[in-house]
Every structure is written in structure tokens, then in C-alpha cells.
Amino acid sequence: MELSDIIKHVDCIEVLNFKNVDIKGISYNSNTIKSHEIFVCLKGEHVDGHNFAQMAFEKGAIAIMAEHPLNIEIPQLIVNSTQEKIADLAACFFHNPSHSLNLIGITGTNGKTTVTHLIQKIFEHENKKCALIGTLGYKLNSTSDYLEAKHTTPQAPELQMTLSKILQSDITNVVMEVSSHALEQFRVKNCKFQGAAFTNLTQDHLDFHITMENYFNAKAKLFTSLDKGSFAVINRDDKYAKKLLEKIPEGVNILTYGIKNESDLFAKDIEFTSRGVIFKCCYKNECVEIKLLLNGMFSVYNALCAIGTALMSNITLQSAKEALEATKSVAGRFEIVHSDPMVIVDYAHTPDGLENILRAARELTPKDAELICMFGCGGDRDATKRPKMGSIAQSLSDKIVITSDNPRSEDPQQIITDILSGLKLINPKTVFVEPDRHLAIELLKKISTPKDVIILAGKGHEDYQILKDKTIHFDDREEVQKVFN
């Protein structure tokens, strides 16, 4: 694409050293930039891309987008915010692929990954191709392999490129997890959503958002951006639902779902079994019984969110039921990886998420057995949730093993100390501490019996552990197989 075409679609303060060069790509990483790409000087938490512009130029950058002039003799697009304008640049470069797609965004603290997978299954049951973008990467259909993603919602150039590839693959439906970071950092700016769904809002990411009010406002941006004729699916049982409903623009079609509060779509007669959960799902004058192969009350909410999205996409309740009943667990989401004892791996890394999976696991725990929970908390993240998670784990489990998650630059022992501060009593017979996550899993085997139920929380699908100076391969599911088999 020629630079002159880009300038027409990107609001610049000024353009320096103009020359109508041909832009072959977009980069914000001076280490991986290729010849004839435009280098965008992003300001991150720890580094400023402006400091690497010279290196990018030496490696072949043909133009630069920056927030102030640089002493480099190539075309420079000076903008007020590179973080925002990279989204405009990316949408322009890839010709706004979302405008030709049925793009549905799913946001909330917990449940996004499961809901996107359920929606993809429902669309495919209708013989409608549907791609998925989220935490685990992106995939063109439910049976294809994941392609790696660095964030829940990719940075704007990667996201627009992915949407372009999906469109070129003759797929018109896309369901995407949309994180609060992505909304706050303009990563999804210029994405045209035909619909959006809200799962819930509980404490998380306060290291970034600082307050729950900021966190809510970031999530709400997905809904305030909706155009007339699009749809919004809202969890009526969440305490932020009323506030969110007030923000949705006029002309957007709304469907609410819930269990406790009066909603358009609701579940009743909920029964938990060892194989999953059975409930009646009602919408307008129709009720169907659904037998999920997933468990826990949170799975009912996730199913309702997916069904609501399907209904707003002109898919019948009966068809959604058939698709959901054929769907097995999502990788790392309440995934049973061993029996006798039953060992369950889950991604829960928030107070609410941990409470949900422990309550679900208690339903599966025999009366003469124990529920054991192993968890840690991530470093360089919201520290205020650590004692809360300690308190929740202790109150809902018979035994707890506190270990490391992704400590990052923090001292693992300090993170554990923060967790322990939330405990009422540290009984050495019920509270165990082992910073080494592999040894912690070995400890689980020693303190459990074949009848027990064990939860490994925090990492779920992740196959790595982020330490202070390196990232190592580590997969809870693999470790369980090594230790328990």
C-alpha cells in the first residue's frame, strides 16, 4: 500500500520527509521488522519504541509513525497517540476486513474462552463456518489447531491480519474474546461488531485499571461502540448488568439471560451429576432440557450466554441445545485429567473464578472424601486478590497447597506470604506450602486418597511458567500424568 493512501485514513499532526513509498507491512518490534515495513513507535510499560526507531531504520524500515519528530531521514507520520493510531493504520492496511464479517465479541472477567468455543460449536452445528480468536490463539474451525496468540485479544496489526486471513478463507462468522486491555489500548478500534456478549465482572487486572469503575468502563466500550441493528447479550444476574444496560446505544437489540433475576432467557431445575449438569432452558414460550457434559453453575451461565448469542444470530433454541449437548470440555477449563483421585485442571486465577470451580468441584466430591485445592497467584499483577483467594480456597476446600503460578519478577515466597495473610488459621495438617509447582503436584499425591477430588487452579491450558529471568515449559496436565500414573 502506498504511503499516500495511508495518510488519507490516518489522522496525522504532520507528515515529515514525505515520499510516496510502498508499505509492505506494519511492525512495532525493531528486532523482527522487515524491509519496506512502517515502524510504529509504541510506548509500553517498560520500553519506549521511539528509542528503537534508529535500529528499525537500519534494519529496513521505510517509514515511521511516531509521537514526535525523529532525526531519521525517512517519511515520518507524527500522531498524537501511536497506541491509538496503529489501530487506524492496521485497519487501513488490511482494508477493514471486519466490515465484511459477522464479528461477535465476548467480554467479561470469567467465561470468555468457554463461551467463544460454545458459540463456535453452535454455528458449526448449523453448517455455518465460524472462526475463533482468543486466549488460546485463533483457529479457523473447531477441529483445527490453534495458531499462537500473545494476548487474549491480539495487538491491532495482528488482529486485522488475522481477520483478513479468515475472510480470505471464505469464513464470514468470527467469535472473539475481547479483553479490557484490548478495549483500553485501542486494539479493537475499527473492528465492526455485529454483536457483543457480557459474561460477568469481578475483581481482576486492578494492577492495570486501578479501580473497578475503570475496569467496568473499559468493558463497557465494547457495547457503547455497537451500531443500530446489532445486538447485545447481557448476564442479568451480574451486579454490573443494570449499569451496562443503561450504556447500550438506542437501536441495539438486547437479550438478557440469568438464573436469579427475571431475564429473557433463563435456566431452571438445575441438577448437577458426575457427568455434567442438566437444566431446563427457557426463551419466550419454549423450554428445552439441556444435558451439558460440563459441570458447575458457571457452566450454566456460559451456556446461557452462548445460547443467547445464538438466538440473536437467528439460530433456534433446539439447534443450540443439540450443539451444546455434543460439546466436551475446553482445554484447561474444568478439565478432568486423571481419575482415582479425580484431578481437575482449571484456568481460574481470580477470587470469583476460584470460588466457582471449588463450588463445582464440591458437587463432585464424595461425602467420605476430601476436596483439595492447589493454586498460586501471578507476579506483577493485582496483589490485593491474593489474600482473598487464600481465604476462598481455605473456606471451600478440605486441604490447600499453595505454590507458584507465574511469579515473573516477584519473589515467589512474597506472593505466597500475601496469600497466607488471608487464611484464618494455618493448620499444618490442612495447609501446605511448596513454591516449586512440580513438587507441589507430587505433594498432592502424598496427601490424597483415590476417592478425593483435586483442583489445580491458575494455569489451565498454559504450557509454560514465567520466572524472573526466563520462561520454562510447564504444563499442569503433563505434570499430573507424570506424577499420578
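In helix 15 (residues 437–447), R437, A440, I441, L443, L444 and I447 are buried, meaning under 20% relative accessible area with a 1.4 Å probe and protein chains only; exposed is over 50%, and partly exposed lies in between. They share one side of helix 15, because they cover an arc of only 155° around the axis. That arc is the one spanned by the directions from the helix axis to the C-beta atoms.

This is a predicted model, where local features need pLDDT of at least 70, side-chain atom pairs count only at pLDDT 80 or more, and totals for chains, interfaces and linings use all residues. Residues are numbered from 1 along each chain as its sequence is written, and side-chain values use heavy atoms, with hydrogens and water left out.

**Helix 15 and its surroundings**

- The buried residues of helix 15 pack against strand 18, strand 19 (399–402), strand 20, strand 21, strand 22 (464–466) and helix 16.
- Contact here means heavy atoms within 4.5 Å.
- Helices (H or I, at least four residues) and strands (E, at least two) are DSSP runs, numbered from the N terminus.

- An open sheet of 6 strands runs in the order 16-17-21-18-19-20, with mixed pairing.
- Two strands count as paired if DSSP finds at least two bridges between them.
- Strand 16 (335–338) and strand 20 (431–433) are the edge strands, and each pairs on one side only.
- On average, neighbouring strands are turned by 20° against each other, direction ignored.
- Helix 16 (residues 476–484) packs on this sheet and touches strand 16, strand 17 and strand 21.
- The direction of helix 16 makes about 25° with that of strand 16.
- Axes are lines fitted to C-alpha atoms, for helices over the stretch in contact; angles run from 0 to 180 degrees between N-to-C directions.

**Strand 21 within that sheet**

- Strand 21 is mostly covered: 5 of its 5 residues are buried.
- V453, I455 and A457 lie on one side, I454 and L456 on the other, and both faces are covered.
- In a regular strand the side chains alternate between the two faces of the sheet.
- Strand 17 (residues 342–346) runs parallel to strand 21 (residues 453–457), joined by 5 bridges.
- Within this pair, D346 has A457 as its bridge partner, and I344 has I455.
- Strand 18 (residues 371–375) also pairs with strand 21 in the parallel sense, over 4 bridges.

- Strand 2 (residues 25–27) pairs with strand 3 in the parallel sense over 3 bridges, and G25 has E37 as its bridge partner.
- Strand 4 (residues 63–66) runs parallel to strand 3, joined by 3 bridges.
- I38 stands opposite A63 in strand 4, and V40 stands opposite M65.
- From strand 3 the chain crosses through helix 2 (residues 53–58) to strand 4, and this β-α-β crossover is right-handed.
- Right-handed means that, with the strands pointing away from the viewer, the path from the first strand over the helix to the second runs clockwise.

**Nonpolar cores**

- The largest nonpolar core has 40 residues, and those with the most contacts inside it are I122, L265, F279, C281, L292 and I307.
- Helix 10 (residues 297–312) gives the largest share of this core, 10 residues.
- A nonpolar core is a set of buried Ala, Val, Leu, Ile, Met, Phe, Trp, Tyr and Cys residues joined through side-chain atoms within 4.5 Å.
- I122 touches A306, I307, A310, I315, A320, A323 and L324, not counting residues up to four places away in sequence.
- Another core, of 33 residues, lies apart from the largest one; I133, A196, Y215 and L244 are among its members.

**K128**

- K128 is found in the loop between helix 4 (112–125) and strand 7 (130–134).
- K128 is partly exposed, with a relative accessible area of 30%.
- K128 touches F123, N173, S313 and I315, leaving out residues up to four places away in sequence.
- K128 and E2 are 126 residues apart in sequence and 36 Å apart in space, C-alpha to C-alpha.
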